[in-house]
Amino acid sequence: PSANHLQRGTLAASTSSVFLRNHFVANVGVRYDRVRNSNFGSFQPILAETPFTAANPLGTGFRAYDKLRGTEPPSVWTPYRSATRVNYGFIARPPRLEKWVSFGYDFSRNSSLNEVAVVRDVTGAVVEPPYGQSHEYSIRLRLLEDRLNLKLNYFNSLNRNITLADSGLRANLIDFEQQLLVNDPTYAINPLFREELNPVAGNFRLPGDRNSKGIEVDVTFNPTRNFRLFWNLGRTETKIDDLSTEPTWDYLEARLGTWRTYQGNWSNAQYLNNQTVEAAYNSMIQAPIDDVQASLGNPGGNSQTWRSNLVATRSFTTGRLKGATLSANFRYRGPSIVGFANKVDAKGRVRIDRDREYKSEQYVLTGLMANYRFRGFGNTAWRLQLNANNVFNTSRVFLTRTFADGSPRNYGRQAGREFILTMDVER
């Protein structure tokens, strides 16, 4: 038997329909998954180099399993984890204008079941597997007999139940409540934190969220049959927030009244080693909470502001150059957030000031491409393509991280000028 055995069940359905003489198109899809795991770790081998003892009931040096071909160890199934994926959307084409304009909306909700173990928050509620959901709104224009196409897109994407770095909050909370119970056996401890259950921080999750929203503009222009211009522009803003953390914050807020009145007054009640309950709360609970909340907002991490691409393509369908294509592309990358300044908060702690960003320099990369297709001997089709990347060899080294004073800390390396020749043969 393998160490782990995964069992998955899936149901899925989708449909698409056209209404009002193709003026309205709707689509919807749904998929339901559930997964559980069987652990064969407790299956006992029967042959060992050293015999079984009370101190070592499994022995060592396993060689064989009892009736390996005919006996399967008992299954120890974990509880099911389930997830639902949903997507739906529509395209609307106004009457009399359907040739030139259309409106679109798409919603999607995707969930990952890579995590089989059941995870809870400190209230005991099961935390749903991490999932993402997004809303996308678009307007498409087709002008000049469909030679000019414009698309404006706005999106808002949310990743739910990601794990926040908690600065030890979960472990501290378990220790804090267990010590209060030791000091006062009448203390109403969270049942999940009782010492006989051996709780650890990994049993609980401090969930958070990552929200990204932005705009994208795409323009495609074909002035002639063999010449095309494509240009796009986009901007994305990302931030970390605590929408999914609210149950934990509510739990701590509700417990705060109990802790303040612990043994009459927490300012006088002893915690451990001559420390009061109030002082222990401030160092073990409130300080990590402040750390978590200070980490919310823009994550930095080289997140980009504006980006743009311009591609010009010329193809040849007649004459000596028939089968050839030439292209030039320009990639603009706006300044990236590479660090933040520090500030001193109201409690005298040094924190990251997410309102004072440090940004890298903007840059443009240029690439060229030549492609030639032709028929060869033996009924073969040939394609030769030469790519020249980063033609002007710009931004070989770029800033990726700074210190709190803005001085450079880390650099990244952009690929230099390179030439790539590709040959494909089909028969």
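Author: Helices (H or I, at least four residues) and strands (E, at least two) are DSSP runs, numbered from the N terminus. Phe 227 belongs to one such run, strand 8 (residues 227–241). The model is predicted: local features need pLDDT of at least 70, side-chain atom pairs count only at pLDDT 80 or more, and totals for chains, interfaces and linings use all residues. Residues are numbered from 1 along each chain as its sequence is written, and side-chain values use heavy atoms, leaving out hydrogens and water.

Reader: Okay, why is Phe 227 called partly exposed?

Author: Buried means under 20% relative accessible area and exposed means over 50%, with partly exposed in between (1.4 Å probe, protein chains only). Phe 227 comes in at 28% relative accessibility, so it counts as partly exposed.

Reader: And which residues does Phe 227 touch, neighbours within four places aside?

Author: Phe 221, Asn 222, Thr 313 and Arg 314, with contact meaning heavy atoms within 4.5 Å. Leu 326 is 99 residues from Phe 227 in sequence, and their C-alpha atoms are 9.8 Å apart.

Reader: What makes Asn 161 count as buried?

Author: Asn 161 has 8% relative accessibility, which is why it goes into the buried class. You'll find Asn 161 in strand 6 (residues 148–163). Its phi is near 65°, a positive value in a residue other than glycine.

Reader: Then why is Asn 379 called exposed?

Author: Asn 379 is at 61% relative accessibility, so it counts as exposed. Asn 379 lies in the loop between strand 16 and strand 17, and here too phi is positive in a residue other than glycine, near 55°. Gly 378, in the hairpin of those strands, takes a positive phi near 65°. That hairpin has three residues between its strands.

Reader: How do you know that strand 16 and strand 17 pair?

Author: Strands pair if DSSP finds at least two bridges between them. Strand 16 (residues 363–376) and strand 17 (residues 380–389) have nine bridges, in the antiparallel sense. For a landmark, look at Leu 368, which stands opposite Ala 388 in strand 17.

Reader: Which sense does the pairing of strand 17 and strand 20 take?

Author: Antiparallel, over nine bridges, with strand 20 covering residues 418–426. Leu 384 has Met 423 in strand 20 as its bridge partner.

Reader: Which residues line the largest cavity?

Author: Val 122, Leu 169, Arg 170, Leu 173, Arg 205, Leu 206, Thr 248 and Leu 252. Helix 1 (169–183) and helix 2 (246–260) are the elements giving two or more residues to that lining. Helix 1 gives the most, with three.

Key:
On a 1 Å grid over the protein atoms alone, a cavity is a set of points where a 1.4 Å probe fits but cannot get out, and a pocket is an open set with protein on both sides within 12 Å along at least five of seven lines; lining residues have an atom within 4 Å of a point.
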